[in-house]
Amino acid sequence: MLDQKDIGLSEQEIARYWEDGYLVFDGILTNEEVEGLRAACEQPQILALRTQKEYETMTVHALGITSLHPAFLKLAKHPAIIAKIQPLLGPDIQLQHSKLATKPPIKGIGEFPWHQDYAFYPHTNTDLLSVMVMLDDATPDNGCMQMVKGSNKFGILNHEKNGRFVSECQESSYWQRPCEVVYITPKTGGISIHHSLTLHGSDANLSGRPRRGLVFSYRADDSYQLADAIFDDTGLLISGSRRGVVRCDIGLVTLPDRGGDSPYGTSWNQIGGFAKEDNNQEDNNR
């Protein structure tokens, strides 16, 4: 681990996060850590989360990876990451979900629509953020994330079409002003952090090489999930403790209706099976 592991955020960085909705840091992981994570991504249990056709034709989000390989669980609790997010979420933090995000190496494939993460998994407050750990340099050429600067202050935007939730924000005027769109380009071993309301998307990969990133979405312990899926590692305790307190300050929330027998997901359960086992082990070690 690099010296970054003990470095939190300066007052200026905290202010910039709340003003812009994101932060970017290079040099978080060592080369050895990156190579270990790349190797973990090629393990059979991770490859099984996507088909070869998916890998070749679309951006793939392989979910719940902390429960499938110890390297990803270790990364979710990496001291350098925790030091960066505690000033933003407080000392008591849970994982909402984890995933491997892979853009295919075929040129012109892998565009992902503009959206706010919060719209997918609304909670009782918006103290949620995502950390993307890059296993390859993120560049405009390979479809790095783009974010609308300051969009974390817009509130919840419309992600519905014909009365049903869709994965694309419907208010396109926000990202059609180029002066407000920022390319997010951490290098290999670097990270980006963005607020759950920050509007973001990505273009297709034009590089001819894969673009791999590991994403960990974190929530404050007092942010309680209202809709969408509970994954195997949802509710994994990352730092601090579970206090059993829920803070409600978001106001009226439109839940993402996906249709079917459980249109609003399985969030009533709150904690996935793997997270429950890991939390019990943590309690036994205290």
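1. The structure is a predicted model, in which local features need pLDDT of at least 70 and side-chain atom pairs count only at pLDDT 80 or more, while totals for chains, interfaces and linings use all residues. Residues are numbered from 1 along each chain as its sequence is written, and side-chain values use heavy atoms, with hydrogens and water left out.

2. Overall form. The C-alpha trace spans about 50 × 45 × 45 Å along its principal axes. Eight helices and 13 strands make up the secondary structure (DSSP runs numbered from the N terminus, helices being H or I with at least four residues and strands E with at least two). Of the 286 residues, 51% count as buried; buried means under 20% relative accessible area, exposed over 50%, and partly exposed in between, with a 1.4 Å probe and protein chains only.

3. The largest pocket. Its volume is about 490 Å³. Among the 26 lining residues, His-61, Lys-99, Phe-112, His-115 and Asp-117 are the closest to its centre. A pocket is an open set of points on a 1 Å grid over the protein atoms alone, where a 1.4 Å probe fits, with protein on both sides within 12 Å along at least five of seven lines; lining residues have an atom within 4 Å of a point. Grid points are joined across faces, edges and corners, and a volume is the space filled by probe spheres set on the points. Strand S3 (93-103) is one of the elements that supply at least two residues each, and S3 gives the most, with four. The lining divides into nine nonpolar, eleven polar and six charged residues (Ala, Val, Leu, Ile, Met, Phe, Trp, Tyr, Cys and Pro count as nonpolar, Asp, Glu, Lys and Arg as charged, and the others, Gly among them, as polar).

4. The second largest pocket. This pocket has a volume of about 190 Å³. Of its 13 lining residues, Ile-156, Leu-157, Asn-158, His-159 and Thr-254 are the closest to the centre. Its lining comprises nine nonpolar residues, three polar and one charged.

5. Thr-66. This residue lies in the loop between strand S2 (60-63) and helix H5 (70-76) and is buried at 2% relative accessibility. Beyond residues up to four places away in sequence, Thr-66 touches several others, including Phe-72, Phe-216, Asp-233 and Phe-274.

6. Lys-161 belongs to strand S7 (residues 160-161) and is partly exposed at 47%. Apart from neighbours within four places in sequence, Lys-161 contacts Val-166 and Gln-170. Asn-162 lies in the loop between S7 and strand S8 (164-165), is exposed at 78%, and has a positive phi of about 55° although it is not a glycine.

7. Asp-228. A positive phi of about 80° is also found at Asp-228, again not a glycine. Asp-228 sits in the loop between S12 and strand S13 (236-239) and is buried, with a relative accessible area of 12%.

8. Cysteines. The structure holds zero disulfides, a disulfide being a pair of cysteine sulfur atoms within 2.5 Å. Cys-144 is buried at 1% relative accessibility, whereas Cys-248 is exposed at 62%.

How values were computed
Contact = heavy atoms within 4.5 Å.
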